[in-house]
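Me: I would appreciate a close look at a single part of this model, followed by whatever else can be said about the packing of its elements. Please keep the account connected.

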Amino acid sequence: MILDKINQTNDIKKLDKEEIQMLSGEIRQFLIESLSKTGGHLASNLGVVELTMALHLTFDLPLDKVIWDVGHQSYTHKILTGRKDGFGTLRQFGGMSGFPKTAESDCDCFNTGHSSTSVSAGLGIAAARDLKGEDYRVISVIGDGALTGGMAFEALNNASKLETNFIIVLNDNDMSISPNVGGLSQYLGGIRTAHAYQDLKNGVMESLYKIPVYGERIVQRIRRTKSGIKQLLLPGMLFEDMGILYLGPVDGHDIEKMTAMFQKASRVSGPVLVHVLTEKGRGYEPAVRHPARFHGTEPFDIATGLAKQKKKKAAYTDIFSTVMRKLGDRDEKVVAITAAMETGTGLKRFHNMFPKRFFDVGIAEGHAVTFAAGLAAGGQKPVFAVYSSFLQRAYDQILHDVCLQNLPVVFAIDRAGIVGSDGETHQGLFDISYLMTIPNITLLAPKNKWEFSDMIKFAIDCGRPAAIRYPRGEAFDGLMQYRAPVEYAKSETLYEAGSVVLLAYGSMVKTALDVRERLKQAGVDCALVNMRFAKPLDTQMLDHVSKSYRLAVTMEENVKTGGMGEAVAAYLRTAGAKVGLLHIAVEDTFLPHGNVEVLRRQAGLDAESIVQKINGWLQNQQMQPEAGGS
């Protein structure tokens, strides 16, 4: 196999043309076989095999710097930099990351995980290069879906001022995770189909170059003017209007054409954008037909493309999908918003049922929030469904445009808590903390699927900003006998006994049940409260806790700093309570990629770890009435 010859960086440059063509097919087969066992981002990686090979053939890594936007499409890059053997541990705890990691290889020059960042990062690296008087190429790869993010346009605007070489590769596959939407997608679609323009442009330029003495001068003059040849033949040349030389489009599966284009781009003194057309999922028909499903896939059967392990229970996302469809049917003011995550957030059914009340704004979370604020100001009931780690990109808009005006926007925060395999950039461990700082907002989290349904209805009708956080994966269906109506700022006491009380929030209620049972078996009876609300807190319940228990244990799947536990502690201390406090939360750290249960143990959020902490506190305090502290 040709792939056996790729063991370290730049080995690809030792291959002949025939071997290079064979290598692309072997890489695809390797990715399909590997990811069928481990899961991972398949469709995006299959689409950039030749693009990645062309980059490695043209540039000298690690001297030259390649920054991958989002980074989930860097698998071929990892193979070509000697990490092929790591794919057996892909996205597993202690194994290889599914994203670029500077700690993994000196060919990963920047850690990425969220979209629309590579142009900004690359521009910064290029500026640092120039300040130090160094000589190397900087290449930022960004997808057409990520280009809808406002940060990408801010960077393009800034890049136009650069007078040294900086290459932007636009990987255009007409997709983000779901199909692209909006004006930019239509604009790029026009370029994709403008073959006549491309042929004519090349012919005109070649003819001009042949004019003795003046030919090159004429070409440069045309490139500098805003009424140049591109504007005459293809109106609205966005990138050149911004001062960035545009090259392309070029077939993203033709290695020779791309290497020629990259070499040409390397000679430009200034920013240059190379427009590359690729097919997401290329080489594996199920991924071509269903690129969204194969964006991030679980282990699957290669022959059919179907998941090897089917879910037995409905996920929280499934519950959200069902409830939103029903509420949309009952109330025509309910509208739904997504930022390029229609399938992932469960809004596809709502879209199908109520197409005029569904809005996909593309990868633009900040815009999505202010757009939702506008809808609410206009009398609608907007629900913005978004992953926890992506909502943090819109903090200012939540604060300024929604909460300052006290507008009734509902934030359905999916993937809250430990997400797992995608690692640090995707763990939803900060939403409680960053939302707790904002006045007027209501923060809820359900203990099970029935309470989740009730909370969605409550949030939509409460008339104020509200955020519901819920985890990835199967919805807990225990405690069905407890379904007290959701009341503003009211918790739900599930068990009241003993001298220890567990104050559990959202997903941690299930863990608290296990903790309670383990303590009971050890002779320590305890109470259990389903907090329901992190903001505002149920102060009446906390006053009762301060008088009735010796130890209160707050439990949340969030970082400790700024979380629900700290808010509980602040209230109790202000009230002069003497009850002892233990905070169960993630310490001040970023959690890596890995299995969710493994990460929960690592973070001390599993039942066994919590029981040990409680027993340790009880032993140290010897259950003295005057004991307190945290």
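Reply: In this predicted model, Met555 has Ile584 of strand 17 as its bridge partner. The pairing that involves strand 17 joins this strand to strand 16, residues 551-559, in the parallel sense over 6 bridges. Both strands belong to an open sheet of 5 strands, whose order is 12-14-13-16-17 and whose pairing is mixed. Strand 17 (580-586) lies at one edge of the sheet and strand 12 (492-495) is the other edge strand, each pairing on one side only. On average, neighbouring strands of this sheet are turned by 20° against each other, direction ignored.

A helix pair may be considered next. Two packed helices are described by the angle between their axes and the distance between the axes. Helix 14, residues 316-330, packs with helix 20, residues 449-461, at an angle of about 40°, and their axes are 10 Å apart. Because angles under 35 degrees count as roughly parallel and those from 65 to 115 as roughly perpendicular, helix 14 is oblique to helix 20. The crossing in which helix 14 passes helix 20 is right-handed.

From helix 14, the residues Tyr316, Ile319, Phe320, Val323, Met324, Leu327 and Arg330 take part in the contact. They meet Lys449, Phe452, Ser453, Ile456, Lys457 and Ile460 of helix 20. By class, the residues of this contact of helix 14 with helix 20 comprise 9 nonpolar, 1 polar and 3 charged.

Key. Residues are numbered from 1 along each chain as its sequence is written. This is a predicted model: local features need pLDDT of at least 70, side-chain atom pairs count only at pLDDT 80 or more; totals for chains, interfaces and linings use all residues. Side-chain values use heavy atoms; hydrogens and water are left out. Two strands pair if DSSP finds at least two bridges between them. Helices (H or I, at least four residues) and strands (E, at least two) are DSSP runs, numbered from the N terminus. Axes are lines fitted to C-alpha atoms, for helices over the stretch in contact, and angles run from 0 to 180 degrees between N-to-C directions. Angles under 35 degrees count as roughly parallel, over 145 as roughly antiparallel, 65 to 115 as roughly perpendicular and the rest as oblique. A crossing is left-handed if the near helix is turned anticlockwise from the far one by less than a right angle, and right-handed if clockwise. Contact means heavy atoms within 4.5 Å. Ala, Val, Leu, Ile, Met, Phe, Trp, Tyr, Cys and Pro count as nonpolar, Asp, Glu, Lys and Arg as charged, and the others, Gly among them, as polar.
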